[in-house]
Amino acid sequence: LKTTFGSKCAAGRCAAQMGVGDNDAVSLERLRESPPAGAMPTFQGGSQEEALVGVAQRCTLDEPVSETIMRDLCSVAQKLMYVMMPVNVADRGRRLRDWDLWGPLLLCLALGLILSWQAADSTQASYAFADIFVTVWVGSGVVTLNAVLLRGKVSFFQTVCVLGYCIFPLVLSAFCSMLLHIDWLKLLFVLAGLGWSAKASLGFVTELVPEDKKLLGIYPVWLFYCAIAWMILLA
């Protein structure tokens, strides 16, 4: 209303300065408001204003830090749920494409701490933590490089994100094995975690590489999770 009233007042002042009467001023105002022939009409509250509102809502620079942290934690929890849910493999891979590195970092730290707590001394604990950290991140990079060499449609951080989130079943296996201390149960837990982790990542990895090279793309993924599972068994 303020904008419309201001534009009408401006048109009235302009007409008064030019010596135009009230009726002529109204005609000028109507001519100004009417769009030219062939032009696309613009409606108030239409897509342009909605787009501006959407941009303002997506701006997170002014939001509280606690709100940002809670949003990131909710995103991490949602991706972990996608890994554990028994849904279609391809659908699960598509849901994990919105990548972040917070979840893989937290899972890597959790697995390193679990294995270091089971070490005999502080030296072995530091070695176990370093081995897990290097294996997860370097292994993810090697799997991604393999997909690139196979001429796959690869986003590096997206692939690292998916491979990192999919170690969550192995982290649960390591945690349960640490609590129970039963060798045959530990073997069952690790095998179940290995199969679940590899299956959860296949939906994403198989869409990256060409159809005739899928086995070459899947093999390093299995090798990556087998290496982590073997380290859990040795702990």
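Contact here means heavy atoms within 4.5 Å. By that criterion, and leaving aside neighbours within four places in sequence, Ile-232 is in contact with Leu-111, Leu-115, Leu-170, Ala-174, Lys-186 and Val-190. The model is predicted: local features need pLDDT of at least 70, side-chain atom pairs count only at pLDDT 80 or more, and totals for chains, interfaces and linings use all residues. Residues are numbered from 1 along each chain as its sequence is written, and side-chain values use heavy atoms, without hydrogens or water.

Start with the fold. The protein has 11 helices and 0 strands; helices are DSSP runs of H or I with at least four residues, strands are E runs of at least two, and numbering goes from the N terminus. Of the 235 residues, 34% count as buried, meaning under 20% relative accessible area with a 1.4 Å probe, protein chains only.

α4 and α9 pack at about 85°, with axes 9 Å apart. The axes are lines fitted to C-alpha atoms over the stretch in contact, and angles run from 0 to 180 degrees between N-to-C directions. The two helices are therefore roughly perpendicular, a label for angles of 65 to 115 degrees. Leu-80, Val-83 and Met-84 in α4 meet Phe-168, Pro-169 and Leu-172 in α9.

Terms used: Angles under 35 degrees count as roughly parallel, over 145 as roughly antiparallel, 65 to 115 as roughly perpendicular and the rest as oblique. Buried means under 20% relative accessible area, exposed over 50%, partly exposed in between (1.4 Å probe, protein chains only).
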